[in-house]
Amino acid sequence: MQLICTNRCGGTIFRALFAEVDVDASGEYLGHRVLQPTYICLNCGSPALDLGAVPDAILAEELEDEPPAPLEILCPVCESRVVVGSERECPNCGAYLEEIEI
Ligand SMILES: [Zn+2]
Ligand SMILES: [Zn+2]
(Lines give C-alpha, C1' and ligand atoms only; values in the text may rest on other atoms or scores of the structure.)
(Ligands and ions follow the chains in the order given, each with its own letter.)
Protein backbone atom coordinates (compact mmCIF):
# COMPACT_ATOMS: atom_id res chain seq x y z
CA MET A 1 0.00 0.00 0.00
CA GLN A 2 1.25 3.46 -0.88
CA LEU A 3 -1.07 6.23 0.19
CA ILE A 4 -0.86 9.65 -1.37
CA CYS A 5 -2.96 12.77 -0.73
CA THR A 6 -5.08 13.61 -3.79
CA ASN A 7 -4.45 17.26 -2.96
CA ARG A 8 -0.69 16.62 -3.10
CA CYS A 9 -0.23 18.58 0.11
CA GLY A 10 2.66 16.40 1.17
CA GLY A 11 0.85 15.03 4.19
CA THR A 12 2.11 11.67 5.35
CA ILE A 13 -0.49 10.77 7.94
CA PHE A 14 -3.78 9.29 6.84
CA ARG A 15 -6.89 8.05 8.59
CA ALA A 16 -8.64 4.91 7.56
CA LEU A 17 -12.39 5.28 7.17
CA PHE A 18 -13.18 1.79 6.07
CA ALA A 19 -14.52 0.27 9.26
CA GLU A 20 -18.17 0.67 10.13
CA VAL A 21 -18.60 -0.11 13.78
CA ASP A 22 -21.85 -1.62 15.02
CA VAL A 23 -23.04 -0.78 18.50
CA ASP A 24 -26.21 -1.65 20.39
CA ALA A 25 -28.58 0.80 22.09
CA SER A 26 -26.23 1.36 25.02
CA GLY A 27 -23.23 1.90 22.78
CA GLU A 28 -21.75 -1.52 23.38
CA TYR A 29 -19.44 -2.62 20.64
CA LEU A 30 -20.96 -5.47 18.64
CA GLY A 31 -18.55 -5.75 15.74
CA HIS A 32 -17.58 -3.99 12.59
CA ARG A 33 -17.76 -4.41 8.87
CA VAL A 34 -15.03 -3.48 6.48
CA LEU A 35 -16.41 -1.18 3.83
CA GLN A 36 -14.65 0.01 0.74
CA PRO A 37 -11.16 1.08 1.77
CA THR A 38 -11.13 4.83 2.08
CA TYR A 39 -8.53 7.07 3.57
CA ILE A 40 -8.27 10.79 4.19
CA CYS A 41 -5.20 12.95 4.55
CA LEU A 42 -4.98 14.20 8.12
CA ASN A 43 -2.96 17.19 6.94
CA CYS A 44 -5.56 18.80 4.67
CA GLY A 45 -8.59 16.52 4.84
CA SER A 46 -8.51 15.52 1.19
CA PRO A 47 -9.23 11.95 0.18
CA ALA A 48 -6.11 9.86 -0.11
CA LEU A 49 -5.33 7.51 -2.91
CA ASP A 50 -3.67 4.13 -2.59
CA LEU A 51 -1.15 4.18 -5.39
CA GLY A 52 -0.73 0.44 -5.00
CA ALA A 53 -4.38 -0.04 -6.01
CA VAL A 54 -4.50 2.44 -8.87
CA PRO A 55 -4.83 0.74 -12.22
CA ASP A 56 -1.84 1.25 -14.48
CA ALA A 57 -4.04 3.04 -17.01
CA ILE A 58 -4.65 5.93 -14.62
CA LEU A 59 -0.97 6.26 -13.84
CA ALA A 60 -0.15 6.24 -17.54
CA GLU A 61 -2.69 8.99 -18.05
CA GLU A 62 -1.06 11.05 -15.32
CA LEU A 63 2.31 10.67 -16.97
CA GLU A 64 0.90 12.15 -20.16
CA ASP A 65 0.04 15.29 -18.23
CA GLU A 66 3.72 16.06 -17.75
CA PRO A 67 4.63 19.46 -19.11
CA PRO A 68 6.30 19.43 -22.52
CA ALA A 69 10.06 19.58 -22.70
CA PRO A 70 11.35 23.15 -22.39
CA LEU A 71 11.89 25.00 -25.63
CA GLU A 72 15.56 25.32 -26.41
CA ILE A 73 16.64 27.96 -28.85
CA LEU A 74 19.88 29.35 -30.17
CA CYS A 75 20.87 32.85 -29.16
CA PRO A 76 21.38 34.85 -32.37
CA VAL A 77 24.09 36.95 -30.72
CA CYS A 78 26.33 34.64 -28.72
CA GLU A 79 25.08 31.42 -30.32
CA SER A 80 24.66 29.58 -27.04
CA ARG A 81 21.75 27.22 -26.53
CA VAL A 82 19.20 28.75 -24.21
CA VAL A 83 16.20 27.14 -22.54
CA VAL A 84 13.39 29.62 -22.91
CA GLY A 85 10.96 30.04 -20.04
CA SER A 86 9.01 33.19 -19.32
CA GLU A 87 12.22 35.16 -19.80
CA ARG A 88 13.00 36.09 -23.35
CA GLU A 89 16.53 37.19 -22.72
CA CYS A 90 19.72 35.29 -23.24
CA PRO A 91 21.27 34.58 -19.81
CA ASN A 92 24.71 34.89 -21.38
CA CYS A 93 24.56 38.12 -23.32
CA GLY A 94 21.15 39.60 -22.51
CA ALA A 95 20.03 39.66 -26.13
CA TYR A 96 16.33 39.41 -26.91
CA LEU A 97 15.53 35.93 -28.13
CA GLU A 98 13.25 35.12 -30.98
CA GLU A 99 11.81 31.70 -31.42
CA ILE A 100 14.22 29.94 -33.70
CA GLU A 101 13.95 26.19 -34.07
CA ILE A 102 17.24 24.42 -33.69
ZN1 LIG B 1 -3.42 16.40 2.07
ZN1 LIG C 1 23.31 35.26 -26.08
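**Exercise 1.** Count the helices and strands of this predicted model, then give their order.

*Solution.* Start with the count: the protein has one helix and eight strands. Now read from the N terminus: the order is β-β-β-β-β-β-α-β-β.

**Exercise 2.** Work out the strand order of the open four-stranded sheet from its pairings.

*Solution.* Step one: take β1, residues 3-5. Three bridges join β1 to β6, residues 47-50, and the two run antiparallel. Leucine 3 has aspartate 50 of β6 as its bridge partner.

Step two: move on from β6. Two bridges link β6 with β5, again antiparallel. Here tyrosine 39 stands opposite alanine 48 of β6.

Step three: leave β5, residues 39-41, for β2. This antiparallel pair has three bridges. Alanine 16 has tyrosine 39 of β5 as its bridge partner.

The order is β1-β6-β5-β2, with antiparallel pairing. β1 and β2 (14-16) are the edge strands, each pairing on one side only. From one strand to the next, the twist averages 40°.

**Exercise 3.** What percentage of the 102 residues counts as buried? What percentage of the contacts between residues at least 6 apart in sequence joins residues at least 24 apart?

*Solution.* For burial, a residue needs 20 or more other C-beta atoms within 10 Å of its own. By that cut-off, 7% of the residues count as buried. For the contacts, the share is 44%.

Technical notes:
Residues are numbered from 1 along each chain as its sequence is written. Chains are lettered from A and ligands numbered from 1 in the order in which they are written. This is a predicted model: local features need pLDDT of at least 70, side-chain atom pairs count only at pLDDT 80 or more; totals for chains, interfaces and linings use all residues. Two strands pair if DSSP finds at least two bridges between them. Axes are lines fitted to C-alpha atoms, for helices over the stretch in contact, and angles run from 0 to 180 degrees between N-to-C directions. A residue is buried if 20 or more other C-beta atoms lie within 10 Å of its own, exposed if 12 or fewer, and partly exposed in between; C-beta atoms are placed from the backbone. Two residues are in contact if their C-beta atoms, placed from the backbone, lie within 7 Å.
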